[in-house]
Amino acid sequence: MEFIQNVLVTGGSGFIGSHLVCSLLTRQPQWRILNLDILDYCCSPRSLASVQHEDNYSFIQGDVCDQRLVSHIFNTEDIDVVFHMAAKTHVETSFVCPSEFQRVNVEGTRVVLNAARQAPHALRRFVYVSTDEVYGGSCLQVFDENSPLRPSNPYSATKAAAEYLVHSYWDEYKFPVIVTRSNNVYGPRQYPEKVIPRFVSLLQANKKCTIQGTIPKSRHFLYVDDVIEAFLLVLAKGAVGGVYNVGAGCEVPILQLARELVKMVQNVPDTQLNNWVEFVPDRPRVELRYPMSSEKLYQLGWRPRVPWSEGLSKTVQWYKSNPDFWPSESEDTGPV
Ligand SMILES: NC(=O)c1ccc[n+]([C@@H]2O[C@H](COP(=O)([O-])OP(=O)(O)OC[C@H]3O[C@@H](n4cnc5c(N)ncnc54)[C@H](O)[C@@H]3O)[C@@H](O)[C@H]2O)c1
């Protein structure tokens with residue numbers, strides 16, 4: 001990776017983005033890291049407080065859809081690598097304002113791709129951070145990178161649309177793109193609209209975990225450090241034009257997740273765990289599970305390092321130690 005000097009992370013103030021920025025600054029101190037982020041409601045300046053004064057870190061507050069700003073960055077900063085992760089990410093909200101998801105996730109990706117391709121300095125890698133949700137749900141079929149995309153909500157539809165744009169730049173221009181599709185990422189600092197921090201926040205406020213619908217659902221979880229390792233690996237060794245699933249094979253039923261968190265936060269005996277769980281009405285269609293093979297990434301040498309019990313306990317511990325990091329929990333019933 002000798003060719004890398006300047007790395008642009010879009011959405012670098014968000015949950016995964018802030019972990020990536022911190023990790024890059026620690027592990028590659030010779031690289032300059034630029035973070036372009038609009039600072040949406042899901043960000044806290046505290047996420048990057050520890051690095052904000054580093055000489056090789058720059059923050060630019062702005063919109064990925066702002067063509068003039070994005071072109072200016074590419075025209076002046078000699079960007080070698082982009083991790084494009086700025087996005088609207090909350091599935092439930094995507095039903096309420098799909099056009100904003102389309103604007104940021106699709107148009108924003110087009111703007112960044114176009115500016116990157118037209119930059120005077122040749123970009124070496126454009127890593128597009130996508131999601132397993134582009135496959136849609138499945139009960140039995142295990143998706144690999146060649147499986148058809150069948151997104152089933154406005155969020156995943158916009159992520160899939162953006163992927164098609166990214167692939168078109170490879171097909172048409174041999175622009176050096178790589179796409180990652182990861183499972184549900186969890187860890188410290190995640191905004192409490194996503195299921196794990198939402199359950200923890202509810203429990204910390206002595207409220208029940210609300211689960212949508214009574215049909216058993218599960219999700220595959222991946223600790224944030226493991227997804228960062230995957231990004232760095234595909235940057236170093238991934239084939240340009242390629243897609244890489246990133247999954248730890250850690251499938252957890254949502255009811256089990258709620259019970260584990262009740263135990264950790266409320267510290268009640270097993271017989272009382274269900275008293276802290278409440279079922280609420282579901283959307284008409286909710287994917288039951290997203291099974292996926294990450295064999296291609298394993299062949300590059302990636303292995304998830306953080307077991308579920310360790311990742312969950314680190315995460316809960318962080319929320320216990322930082323109860324005021326996010327505003328108190330909302331009544332939102334969340335994405336599962
Ligand atoms: N969290 C997951 O489980 C998961 C799983 C797979 C893929 N992803 C993808 O990873 C990426 C990061 O996800 P996350 O969980 O960190 O999300 P997040 O919601 O925490 O962060 C998204 C970031 O994008 C920024 N942003 C939003 N609109 C913007 C705009 N118009 N211009 C500039 N910045 C803007 C936000 O301010 C925020 O910092 C997203 O692309 C998401 O689709 C997330």
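This is a predicted model: local features need pLDDT of at least 70, side-chain atom pairs count only at pLDDT 80 or more; totals for chains, interfaces and linings use all residues.
Local features were taken at pLDDT of at least 70 and side-chain atom pairs at pLDDT 80 or more, while totals for chains, interfaces and linings use all residues. Residues are numbered from 1 along each chain as its sequence is written.

The ligand is surrounded by 30 residues. The closest are G11, G14, D40, A86 and A87. By class, the shell holds 15 nonpolar, 10 polar and 5 charged residues. Here Ala, Val, Leu, Ile, Met, Phe, Trp, Tyr, Cys and Pro are nonpolar, Asp, Glu, Lys and Arg are charged, and the others, Gly among them, are polar. Four elements each supply at least two shell residues: α1 (15–27), α4 (98–118), β5 (125–131) and β7 (184–186). Helices (H or I, at least four residues) and strands (E, at least two) are DSSP runs, numbered from the N terminus. The largest share, 3 residues, comes from α1.

Helix α1 also belongs to a right-handed β-α-β unit with β1 and β2. Right-handed means that, with the strands pointing away from the viewer, the path from the first strand over the helix to the second runs clockwise. Strand β1 (residues 6–10) runs parallel to β2, and 5 bridges join them. Two strands pair if DSSP finds at least two bridges between them. N6 stands opposite R32 in β2. Strand β2 also pairs with β3 (residues 57–61), again in the parallel sense and over 5 bridges. In that pairing, L34 faces S58 of β3.

How many residues of strand β2 are buried? The count is 6 of the 6 (residues 32–37), so β2 is largely enclosed by the rest of the structure. A residue is buried if 20 or more other C-beta atoms lie within 10 Å of its own, exposed if 12 or fewer, and partly exposed in between, with C-beta atoms placed from the backbone. R32, L34 and L36 point one way from β2. I33, N35 and D37 point the other way, and these are buried too.

Helix α2 (residues 67–76) has a buried set made up of V70, I73 and F74. Seen down the axis of α2, these residues fall within an arc of 90°, so they line one face of the helix. The arc is that of the directions from the helix axis to the C-beta atoms. An α-helix has 3.6 residues a turn, so residues three or four places apart point the same way. The buried residues of α2 pack against β1, β2, β3 and α4. Contact here means C-beta atoms, placed from the backbone, within 7 Å. On the other side of α2, R68 and T76 are exposed. After α2 comes D78, with a positive phi near 50°.

Strands β5 and β6 pair in the parallel sense over 6 bridges. F126 stands opposite V177 in β6. Strand β6 also pairs with β10 (residues 243–246), in the parallel sense over 4 bridges. There, S182 has V246 of β10 as its bridge partner. In β6 (residues 177–182), 6 of the 6 residues are buried, so this strand is largely enclosed by the rest of the structure. Both of its faces are covered. V177, V179 and R181 lie on one side, and I178, T180 and S182 on the other.

Q141 is found in the loop between β5 and α5 (154–173). Q141 counts as exposed because it has 11 C-beta neighbours inside 10 Å. The C-alpha atoms of Q141 and R27 are separated by 38 Å, and the two residues lie 114 residues apart along the chain.

R189 sits in the loop between β7 and α6 (195–204). Its phi is positive, near 80°, although R189 is a residue other than glycine. Is R189 buried or exposed? With 23 C-beta neighbours inside 10 Å, R189 counts as buried. N267 is placed in the loop between α8 (254–266) and β12 (277–280). N267 also is not a glycine, and its phi is positive, about 60°. N267 is exposed, with 7 other C-beta atoms within 10 Å.

Definitions and conventions:
A residue is near a molecule or strand if its C-beta atom, placed from the backbone, lies within 6 Å of it. Two residues are in contact if their C-beta atoms, placed from the backbone, lie within 7 Å.
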